[in-house]
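Notebook open, model loaded. I want to see how the chains meet, then look at what sits inside.

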Amino acid sequence: MPTSPSESKSFDLAVIGAGPAGLAAAVAAADRGLRCALLDAGARPGGQYYRHPAPELRAARPDRLHHHWAGFAELTERLARHRDAERITYLTHHHVTLLEQAEPWRLHAVTGADGSGLARLRARAVLLATGAYERQLPFPGWTLPGVVTAGGAQAMLKAGLVLPGRRVVVAGSGPLLLAAAVSLTAAGARVPAVLEAGDYLGYAGRPAVLAAVPGKLAEAVTHGAALARHRVRLRRSSAVVEAHGTDRVAGVTVARLDRQWRPVPGTERRIDCDALAIGHGLVPQLELATELGAETRLVPDGTLALRVDAGQRTTVPGLWAAGETCGVGGAELALAEGELAALAIAGADTVPAALAGRRRRLRAFAELMAAAHRPGPGWTGWLRPDTEVCRCEEVPVERIAEAVEELGATDPRTVKLLTRAGMGWCQGRMCGPAVACLSGAGAPGPDRRPFSCPVPLGELAALPELTGTTGTTGTPEN
Amino acid sequence: MRRTPTALAAADPGPAHTIEFDGRPIPALPGQTIAAALWAQGIMAWRRTRVNGRPRGAFCGIGACFDCLATVNGQPNQRTCLLPAEPGDTVTTQEGHGRADLAV
Ligand SMILES: Cc1cc2nc3c(=O)[nH]c(=O)nc-3n(C[C@H](O)[C@H](O)[C@H](O)COP(=O)(O)OP(=O)(O)OC[C@H]3O[C@@H](n4cnc5c(N)ncnc54)[C@H](O)[C@@H]3O)c2cc1C
Ligand code: FES
């Protein structure tokens with residue numbers, strides 16, 4: 001059986017994900033003397049927020065791609081010190097595929113940039129800080145090359161210093177759109193318009209929540225000023241209802257939306273572009289925990305997040321969570337939650353009041369933000385029968401409609417079985433929210449898929465016999 | 001000065017190396033992924049879908065969507081948004097699921 005050097009080691013804590021939440025947790029836990037493993041699927045620490053150019057690109061000013069670079073620099077410095085002192089073992093290119101609940105926990109990961117290796121390790125406690133991926137809602141033409149996710153455009157720019165096009169329309173909903181538009185223009189793209197499907201009115205009703213997070217307001221003002229400087233138009237209650245092109249996007253049709261996100265007939269107009277960056281908020285990445293039966297809660301944006309207590313404990317003993325896995329809320333909140341989790345895992349008697357307060361205020365803001373950008377049910381008004389919903393299996397709207405209307409499917413799982421929507425490579429990460437909506441299911445159900453990403457057959461063959469998913473002890477391994 | 005991503009980050013990468021995409025040489029900066037090197041050349045598609053034969057390239061940019069699959073050095077189904085471009089890599093447009101004999 002192939003093994004990695006880490007296999008023989010047992011850790012006090014394994015942190016999955018080296019984004020803001022995981023980094024903050026690992027260094028805070030190591031500060032308190034815990035021996036930690038920090039695993040991440042990626043090549044460099046930082047997660048989605050602190051994504052930065054590969055060192056070989058020799059970027060002298062990576063800070064220009066971010067806010068809060070100083071905070072990241074401080075975290076990586078602490079990480080380096082703890083690595084030198086062997087309190088943190090930082091494992092890059094380790095994609096954790098399975099958590100086996102046992103005493104101690106066993107973690108299984110595929111390793112290497114191409115996912116060809118395998119690793120196992122043991123830990124007494126596990127912290128899930130796996131972040132989120134973007135929510136997508138389909139529209140005619142969304143599979144055309146040149147249509148990319150807003151976060152993906154950010155990620156490719158920050159890590160690879162590339163743009164998806166010269167004239168890039170940014171659309172969807174949520175604050176990530178503004179960040180993406182600002183970065184794209186700063187890097188030389190022309191952004192003819194930013195289209196926000198929501199109306200921002202949701203923020204206005206809760207002035208106290210807003211006033212408690214002045215940093216967030218300052219950030220919004222900075223973004224707004226940057227967009228104005230580049231003459232980028234921000235349109236509220238508007239959406240891309242179609243992308244045009246044959247082998248690549250050449251333009252989009254945009255329309256105004258009513259309060260329910262229904263396109264208002266007669267308001268369509270075309271904008272020429274060679275790329276479209278699109279996203280409708282973020283979806284917490286929870287499958288490693290939900291697979292173990294961890295309880296979830298419904299966030300006001302319609303996504304599911306892990307239910308945690310004041311010490312960031314999930315409902316599975318020995319499993320903690322921090323950052324976007326507890327509900328999308330941004331990097332600052334992720335940092336606070338990572339630190340809180342580390343304190344709880346290390347058995348601290350008291351939690352610094354300032355830290356707890358920061359989390360409370362930022363969490364309240366996150367819930368407000370989630371409600372303000374929640375997709376309205378009328379978005380299905382821009383679909384056509386042949387619009388592809390599942391990108392991997394190329395399943396159009398009409399096949400899903402057939403499963404629901406003629407074959408009697410009432411939930412996403414049955415739709416999936418009847419149409420193969422969500423059964424392809426991405427395992428429903430791209431089409432899941434849309435399929436759930438089209439199948440008439442209200443809230444999404446938690447994922448119960450056994451692996452968090454496609455796993456080589458060799459990994460399956462090498463697994464010790466699994467003992468179910470409900471938390472029974474795994475087979476002892478020598 | 002012209003606004004570019006490299007200028008923005010004040011990057012001073014070493015000289016580009018070369019990879020091959022469908023038989024043509026493509027420059028890649030050290031540290032870039034294959035998908036990034038292709039984007040830099042304005043190439044947005046390097047896969048044809050299994051059912052309808054439609055062109056696809058990178059969509060999510062973070063390894064979640066699997067739209068950016070290509071055949072790299074003879075290996076099908078490589079996520080090019082995660083895979084660093086190595087000098088001399090040969091990348092070919094992937095047709096369908098990339099192998100007739102084996103499922104992924
Ligand atoms: C594509 C994308 C782009 C974004 N861009 C911005 C931006 O420009 N500005 C902004 O303010 N916010 C951005 N966000 C939001 C941002 O994610 C959060 O604000 C913040 O990064 C959350 O921190 P986190 O630690 O919870 O998660 P993340 O930063 O997402 O970190 C999660 C980490 O976990 C790793 N991981 C996930 N699953 C596994 C696994 N199974 N095994 C091992 N490792 C795993 C990932 O590789 C990642 O490094 C973006 C989000 C996404 C999805
Ligand atoms: S672009 Fe989505 S996996 Fe590579």
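Started with the interface, bearing in mind that this is a predicted model. Chain B and chain A bury about 4200 Å² between them, and 62% of that is on carbon and sulfur atoms. I then looked up who takes part: 51 residues come from chain B and 51 residues from chain A.

Next, the polar side of things. I get 18 residue pairs in polar contact between chain B and chain A, both partners at pLDDT 80 or more. The rule also finds 5 salt bridges across this interface. I noted down one pair, B:Arg50 with A:Glu393, whose closest N and O atoms are 3.1 Å apart.

Which elements give two or more residues to the side of chain B that touches chain A? My list for chain B reads helix 1 (5-8), helix 2 (34-40), strand 3 (47-48), strand 4 (55-56) and strand 6 (75-79). By residue class, I have that side of chain B down as 28 nonpolar, 15 polar and 8 charged.

Then on to the cores. The largest nonpolar core has 52 residues, and the ones with the most contacts inside it are A:Val170, A:Leu184, A:Val194, B:Trp39 and B:Trp46. So I wrote down that this core draws on residues of chain A and chain B.

Skipping neighbours within four places in sequence, A:Leu184 is in contact with A:Ala153, A:Leu157, A:Leu163, A:Pro164, A:Val168, A:Val170, A:Ala189 and A:Val191. Another core, of 51 residues, lies apart from the largest one, and includes A:Ile278, A:Cys390, A:Val415 and A:Trp425.

Terms used. Residues numbered from 1 in each chain as written. Chains lettered and ligands numbered in written order. Predicted model: local features only at pLDDT ≥ 70, side-chain atom pairs only at ≥ 80, totals over all residues. Heavy atoms only, no water. Contact = heavy atoms within 4.5 Å. Buried area = accessible area lost by both parts, 1.4 Å probe. Salt bridge = Lys/Arg side-chain N within 4 Å of Asp/Glu carboxyl O. Polar contact = N/O pair within 3.5 Å; in protein donor to acceptor, adjacent residues only side chain to side chain. Helix = DSSP H or I, 4+ residues; strand = E, 2+ residues; numbered from the N terminus. Nonpolar A, V, L, I, M, F, W, Y, C, P; charged D, E, K, R; others polar. Core = buried A, V, L, I, M, F, W, Y, C linked by side-chain atoms within 4.5 Å. Buried < 20%, exposed > 50% of the residue type's maximum accessible area, 1.4 Å probe, protein only.
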